[in-house]
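Student: I have a new model open and would like to learn how to read it. Could you walk me through it?

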Amino acid sequence: MSDLNTLDGAYFGKLQAALNAAAIAQPTLIIDRARLDANIETFIGHLPEGMGYRIVAKSLPSLPLLSHIRSKTGTDRLMTFNLAMLLEIAREMPDAHQLLGKPLPVAAARKFYAEAPAGARVQWLVDTPERLAQYMALADELSLPMDVVLELDVGLHRGGFAADETLKAAADALRASNTARFAGLMGYEPHIAKMPQKHGLRDKAVDSAWEIYRRARVLTDCSNNTGAAQSLTLNTAGSPTYRLYTDTSLANEVSAGSILVKPTDFDTDMLEAHVPASFIATPALKVLDGINVAGFDLMPGREPEMPDGHAKTVYTFGGNWMAKPVWPEGLLVNEKYGRSSNQQMMTGPADLALKPDDFVFFRPTQSEAVLLQFGDIAVYEDGAIVDTWPVFGASA
Ligand SMILES: Cc1ncc(COP(=O)(O)O)c(C=O)c1O
């Protein structure tokens, strides 16, 4: 897999030739299928025996992309974050089990049941007693067996239940209902990966998150990995933290999405074994000699501030994305002179080997919003664009 760690002129030359052969001449999101598959294999290889995998749909927002990952991993579990995606997946993947990754207003759940195909399998995420009452009332009104997973605050402090009597009361209320059902717990803890190792802060965050999760399991009567607890969703993690789970004693499934395409935000020590698999390619419309920033020609003796040795100015087709330039080497966005969604100014060294209409490549910093901005994803494999994968509509 060592060649997958190399992002050099030979690699981007092949991507460029593939784009040209496919007559692509506009900003395009590329997924490299061999790299994606390597990440899937790495990910599955890291999961401990018996650990379930839930695909985070918002981070991989394309049905064919999700199907591809499902076929490689064998999972039928997805984590979904809005009504539009929930409905589309329910229609197009009737065998999928969806867990909401954030609590939605009960009105969204009502709309879902009005529009979704019968038998769609959804677990709703609930964060407060008030929302629980609303969901339970809806379940009663519709006489539907509605599965509810309770959101825990394991230290991220983005809301959710503490491991206390309120949580216990919520699980008890669900267990006493004839319609709504207690379906499990979800404790998401990406803050752990942001904690410095220094002073043992990261270890403390791990210990504290796991202690809260364990207490929550005791309070909700599912502390043993036997019997009824086995059929519950006991969800944790995300890409930044999935490697922390080396057995299933705390949780029986991890969610992850982004790491399979590895945007730059996921370039961390813990995720070193994964390789970048998503790129934005955009034509350089103009490659100009010198650094000409508007206004400086009117101020003799003043020069724009540029990195040492920069002597070319490039304007790209678009460019104001959550993304970092990766090729050609040395080509930079100068934040000081602003971002443009139409033609982004970039600068590079005097020996920059770039001609007008050549491609400039970026890596997304995150996948969830960025993958929705370019229309169909161009799938690259073995030197060619081999497929196009439509993406979901852009809703948060
Ligand atoms: C509840 C929850 N679980 C898991 C994830 C992980 O997603 P990813 O693996 O794409 O970082 C997220 C991302 O926001 C989330 O909100």
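This is a predicted model: local features need pLDDT of at least 70, side-chain atom pairs count only at pLDDT 80 or more; totals for chains, interfaces and linings use all residues.

Student: How do strands pair in a sheet?

Tutor: Strands pair through backbone hydrogen bonds, and the pairing is either parallel or antiparallel. Here eight strands close into a barrel with parallel pairing, in the order β2-β3-β4-β5-β6-β7-β8-β9. On average, and ignoring direction, neighbouring strands of this sheet are turned by 30° against each other.

Student: Over how many bridges do β3 and β4 pair?

Tutor: Strand β3, residues 77-80, and strand β4, residues 97-100, share four bridges in the parallel sense. To find one of them on screen, look for R77, whose bridge partner in β4 is H97.

Student: Now helices, please. Which residues of an α-helix point the same way?

Tutor: Those three or four places apart, because an α-helix has 3.6 residues a turn. In helix α4 (residues 83-92), the buried residues are M85, L86, I89 and A90. These cover an arc of only 130° around the axis, so they sit on the same side of α4.

Student: What covers the buried residues of α4?

Tutor: The cover includes β3, β4, α5 (106-115) and β5 (121-126).

Student: Which strands does α9 lie across?

Tutor: Helix α9 (residues 201-219) lies across β6, β7 and β8, and runs at about 165° to β7.

Student: And the ligand: which residue classes make up its shell?

Tutor: The shell has five nonpolar and seven polar residues, with no charged ones. Among the residues surrounding the ligand are V56, M79, Y188 and S239, along with S255, A256, G257, S258 and I259.

Terms used
Residues are numbered from 1 along each chain as its sequence is written. A residue is near a molecule or strand if its C-beta atom, placed from the backbone, lies within 6 Å of it. Ala, Val, Leu, Ile, Met, Phe, Trp, Tyr, Cys and Pro count as nonpolar, Asp, Glu, Lys and Arg as charged, and the others, Gly among them, as polar. Two strands pair if DSSP finds at least two bridges between them. Helices (H or I, at least four residues) and strands (E, at least two) are DSSP runs, numbered from the N terminus. Axes are lines fitted to C-alpha atoms, for helices over the stretch in contact, and angles run from 0 to 180 degrees between N-to-C directions. Two residues are in contact if their C-beta atoms, placed from the backbone, lie within 7 Å. A residue is buried if 20 or more other C-beta atoms lie within 10 Å of its own, exposed if 12 or fewer, and partly exposed in between; C-beta atoms are placed from the backbone. The arc is that of the directions from the helix axis to the C-beta atoms.
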